[in-house]
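Hello,

Here is the structure I promised to pass on to you. Have a look at it first, and then read my notes below.

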Amino acid sequence: MKRSLLLMTPLLLAGMTLSDFGAQPITRQDAVNKQALGTISVTGAANLDELERNIAQKADRAGAKYYVIIATTGKNRLHGDALLYQ
């Protein structure tokens, strides 16, 4: 039983796609062939990594597969806007 689990685990992981892990960032050029879903905004991030992580989480909750960050602003608390795509 343990041996079959050891053999099956890599096969299952190999079958997973990036879309299984939530919304992914793409470029505007890549977005040309995607279906637009809308926009989202995030406020209150302390740094750009946190801002992008918050955008990715919000995009995932909205059902988007992809997002493009179109604007960021702020000093101590950052604000960002993103376009969502299917």
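**Helix and sheet**

Helix H3 (residues 48–61) lies across S1, S2, S3 and strand S4 (78–85), and runs at about 140 degrees to S2. Helices (H or I, at least four residues) and strands (E, at least two) are DSSP runs, numbered from the N terminus. Axes are lines fitted to C-alpha atoms, for helices over the stretch in contact (heavy atoms within 4.5 Å), and angles run from 0 to 180 degrees between N-to-C directions.

This is a predicted model, where local features need pLDDT of at least 70 and side-chain atom pairs count only at pLDDT 80 or more, while totals for chains, interfaces and linings use all residues. Residues are numbered from 1 along each chain as its sequence is written, and side-chain values use heavy atoms, leaving out hydrogens and water.

The four strands form an open sheet in the order S1-S3-S4-S2, with mixed pairing; two strands pair if DSSP finds at least two bridges between them. At the edges are strand S1 (24–25) and strand S2 (36–45), each pairing on one side only. S1 and strand S3 (residues 66–73) run parallel, joined by two bridges. Glutamine 24 has tyrosine 66 as its bridge partner in S3.

**A residue to look at**

Serine 41 sits in strand S2. Beyond residues up to four places away in sequence, serine 41 touches Lys58, His79, Gly80 and Asp81.

Enjoy exploring!
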